[in-house]
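Hi,

Here is the model I promised to pass on.

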Amino acid sequence: MKNSGWRMTNLFLVLIFVVVTVWILMRGTDTTGSVQTPAIKLINLMIWVGFAAVIVVIELIIWWAAKARKHR
């Protein structure tokens with residue numbers, strides 16, 4: 001199976017992303033004890049999505065570099 005490690009890593013990252021997203025949306029208070037309003041949950045979710053987007057971009061750069069190196 002070609003790229004099975006790559007696929008397993010991506011599956012693991014998607015699973016982590018979904019679990020953390022559900023956790024952000026379901027929690028009532030954060031670690032400091034402040035109540036999570038819908039606006040604060042949305043801000044937290046945007047930060048989380050931004051972090052995940054950075055990981056995806058880094059992953060795509062690595063994939064592109066590996067593909068370009070393979071064709072040499």
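UniProt, in an unreviewed entry, lists residues 7-25 and 45-66 as "transmembrane region"; its positions are given in the numbering used here, feature names are shortened, and annotations may be inferred rather than shown by experiment. Before the rest, two housekeeping points. This is a predicted model, where local features need pLDDT of at least 70 and side-chain atom pairs count only at pLDDT 80 or more, while totals for chains, interfaces and linings use all residues. Residues are numbered from 1 along each chain as its sequence is written, and side-chain values use heavy atoms, with hydrogens and water left out.

Back to those spans. Residues 7-25 are 100% helix and 0% strand, with end C-alpha atoms 27 Å apart. Residues 45-66 are likewise 100% helix and 0% strand, and there the end C-alpha atoms lie 31 Å apart. (Helices are DSSP runs of H or I, at least four residues, and strands are E runs of at least two, numbered from the N terminus.)

Now the pocket. A pocket here is an open set of points on a 1 Å grid over the protein atoms alone, where a 1.4 Å probe fits, with protein on both sides within 12 Å along at least five of seven lines; lining residues have an atom within 4 Å of a point. Of its 14 lining residues, Leu13, Val14, Ala52, Ile55 and Val56 are the closest to the centre. Both α1 (4-26) and α2 (38-70) supply at least two lining residues, and α2 gives the most, with 8. The lining divides into 12 nonpolar residues, 1 polar and 1 charged (nonpolar is Ala, Val, Leu, Ile, Met, Phe, Trp, Tyr, Cys and Pro; charged is Asp, Glu, Lys and Arg; the others, Gly among them, are polar).

Leaving aside neighbours within four places in sequence, Gln36 is in contact (heavy atoms within 4.5 Å) with Arg27, Gly28, Thr29, Asp30, Lys41 and Asn44.

Lastly, Val22 in α1 is partly exposed at 47%, and its C-alpha is separated by 9.7 Å from that of Leu45.

Cheers

Key: Buried < 20%, exposed > 50% of the residue type's maximum accessible area, 1.4 Å probe, protein only.
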